[in-house]
Amino acid sequence: MDILCVCGNGIGTSVLLKVNVEQVASELGMDVTVTTSDAGSAKGTANMNDLVLTSPQLAPELEGTTTPVETVQNFMDKDEIKGILEQYAD
């Protein structure tokens, strides 16, 4: 599963989210490839992924993509991330 983590600039909080998504996915036995992006570029690349994770504030910028967009309130909350990923686990 290809997951795109999106934040405002693509180098700060999205990297923190990426690390936590990789850890949680590993715990769930999910095979994932996680990349990061800034909000401006994400709309163009979102459709090349299976799932997009971002903040509630940035989610409206990704409207119109065919890829599911899930919002994460707290990028450091592994339980919140786990709840999202479990919905997509095979």
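**Exercise 1. What percentage of the 90 residues of the protein count as buried?**

Let's start with the whole chain, keeping in mind that this is a predicted model. Of its 90 residues, 40% count as buried. Next, list the elements: there are 3 helices and 4 strands, and from the N terminus they run β-α-β-α-β-β-α. The radius of gyration is 12 Å, close to the 12 Å that the globule rule gives for 90 residues, so the protein is as compact as a globular protein of that length. Finally, look at the contacts between residues at least 6 apart in sequence: 54% of them join residues at least 24 apart.

**Exercise 2. Work out whether asparagine 20 is buried or exposed, and find what it touches.**

Now look for partners. Leaving out residues up to four places away in sequence, asparagine 20 touches Phe75, Met76, Lys78 and Ile81. With phenylalanine 75 there is a polar approach too: its backbone oxygen lies 3.0 Å from a polar atom of the asparagine 20 side chain.

**Exercise 3. Find the salt bridge in the structure and describe its two residues.**

A search of the whole structure gives 1 salt bridge. Glutamate 22 pairs with lysine 18, with the closest N and O atoms 2.8 Å apart. Both belong to helix 1, where being 4 residues apart separates them by about one helical turn.

Technical notes:
Residues are numbered from 1 along each chain as its sequence is written. This is a predicted model: local features need pLDDT of at least 70, side-chain atom pairs count only at pLDDT 80 or more; totals for chains, interfaces and linings use all residues. Side-chain values use heavy atoms; hydrogens and water are left out. A polar contact is a pair of N or O atoms within 3.5 Å; within protein, one must be able to donate a hydrogen and the other to accept it, and residues adjacent in sequence count only if both atoms are side-chain atoms. Contact means heavy atoms within 4.5 Å. A salt bridge is a side-chain nitrogen of Lys or Arg within 4 Å of a carboxyl oxygen of Asp or Glu. Helices (H or I, at least four residues) and strands (E, at least two) are DSSP runs, numbered from the N terminus. The radius of gyration is taken over C-alpha atoms; the globule rule is 2.2 Å times the number of residues to the power 0.38. Buried means under 20% relative accessible area, exposed over 50%, partly exposed in between (1.4 Å probe, protein chains only).
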